[in-house]
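Morning, everyone. Please have the structure open on your screens. I'll keep this short.

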Amino acid sequence: MPGDLKDLPCAARNPDLPLHPDSSYLLVGGLGGIGRSISLSLVLNGAKHLIFLSRSGRNEKNEHFLKELEALGCRVQVFAGSVANIDDVKNLVAKAEKPIRGVIQLSMALQVSFLPFVLLESSQINFEF
Ligand SMILES: NC(=O)c1ccc[n+]([C@@H]2O[C@H](COP(=O)([O-])OP(=O)(O)OC[C@H]3O[C@@H](n4cnc5c(N)ncnc54)[C@H](OP(=O)(O)O)[C@@H]3O)[C@@H](O)[C@H]2O)c1
């Protein structure tokens with residue numbers, strides 16, 4: 001490790017992604033923070049069809065971002081649903097305009113709460129106090 005961080009060798013990595021313009025790539029939870037960066041990277045590397053699955057679906061908060069992808073020549077399909085619901089997943093697979101060649105799982109839900117409340121809500125555990 002060099003004493004001065006400026007002496008640390010650094011090289012930009014530009015992976016050659018073998019993306020297929022005739023296939024779809026599914027991003028579960030892809031309209032969140034990291035998903036947007038990954039989506040843009042996929043499109044800039046040749047992806048032409050992206051599918052998004054999130055519980056809230058297309059809305060005013062992500063409309064501008066989706067329009068940006070479309071302006072870059074990407075066809076976008078957005079499905080409102082949960083990855084935890086098999087019917088939601090089957091529905092999007094059936095409606096995908098192009099065969100799905102890749103799936104990136106990005107969904108998560110954080111819950112911050114007083115501990116006993118989290119346990120009761122999340123696990124339906126019965127506590128006796
Ligand atoms: N941000 C970080 O610093 C960081 C660091 C390391 C790893 N990660 C991991 O990277 C992933 C993405 O992080 P992020 O920061 O982009 O998170 P984020 O902004 O919260 O995005 C997650 C997305 O997942 C969707 N989602 C949640 N539950 C879902 C479900 N049941 N079905 C479908 N979609 C669902 C949410 O949309 P809806 O609410 O509309 O469903 C949300 O837009 C997570 O798995 C996280 O653990 C993040």
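One definition to start. Ala, Val, Leu, Ile, Met, Phe, Trp, Tyr, Cys and Pro count as nonpolar; Asp, Glu, Lys and Arg count as charged; the others, Gly among them, count as polar. With that, look around the ligand. By class, its shell has 9 nonpolar, 8 polar and 1 charged residues. One caution: this is a predicted model.

Which residues are closest to the ligand? They are Gly29, Gly32, Arg55, Ser56 and Ser107, out of 18 residues that surround it. Two elements, α1 and β2, each give two or more residues to that shell. The top contributor is α1, with 3 residues.

So let's take α1. Does its length make sense as a helix, or what should we expect? At 1.5 Å a residue, the 12 residues of α1 should span 16 Å. The C-alpha atoms at its ends are 17 Å apart, which agrees.

Now its two sides. Which residues of α1 are buried? Gly35, Ser39, Leu42 and Val43 are. Seen down the axis of α1, the buried residues fall within an arc of 95°, so they line one face of the helix. Here is the background. An α-helix has 3.6 residues a turn, so residues three or four places apart point the same way. Turn to the face of α1 that looks away from the buried side: there you find the exposed residues Gly33, Ser37 and Leu44. And what covers the buried residues? The cover includes β1, β2 and α2, which runs 63–71. After α1 comes Gly46, with a positive phi near 110°.

Next, the core. The largest nonpolar core has 15 residues, and Leu27 and Leu50 have the most contacts inside it. At least two residues of this core come from each of β1 (24–28), α1 (33–44) and β2 (49–54). In general, nonpolar side chains in soluble globular proteins tend to be buried together. Take Leu27. Beyond four places in sequence, Leu27 touches Gly35, Ile38, Ser39, Leu50, Phe52, Ile104 and Leu106.

Last stop: Ser54, in strand β2. Is Ser54 buried or exposed? Ser54 is buried, because 23 other C-beta atoms lie within 10 Å. Leaving out neighbours within four places in sequence, Ser54 is in contact with Gly29 and Leu31. Ser82 is 28 residues away from Ser54 along the chain, yet their C-alpha atoms are separated by 6.0 Å.

Terms used
Residues are numbered from 1 along each chain as its sequence is written. This is a predicted model: local features need pLDDT of at least 70, side-chain atom pairs count only at pLDDT 80 or more; totals for chains, interfaces and linings use all residues. A nonpolar core is a set of buried Ala, Val, Leu, Ile, Met, Phe, Trp, Tyr and Cys residues joined through C-beta atoms within 7 Å. A residue is buried if 20 or more other C-beta atoms lie within 10 Å of its own, exposed if 12 or fewer, and partly exposed in between; C-beta atoms are placed from the backbone. Helices (H or I, at least four residues) and strands (E, at least two) are DSSP runs, numbered from the N terminus. Two residues are in contact if their C-beta atoms, placed from the backbone, lie within 7 Å. The expected span of a helix is 1.5 Å times one less than its number of residues. The arc is that of the directions from the helix axis to the C-beta atoms. A residue is near a molecule or strand if its C-beta atom, placed from the backbone, lies within 6 Å of it.
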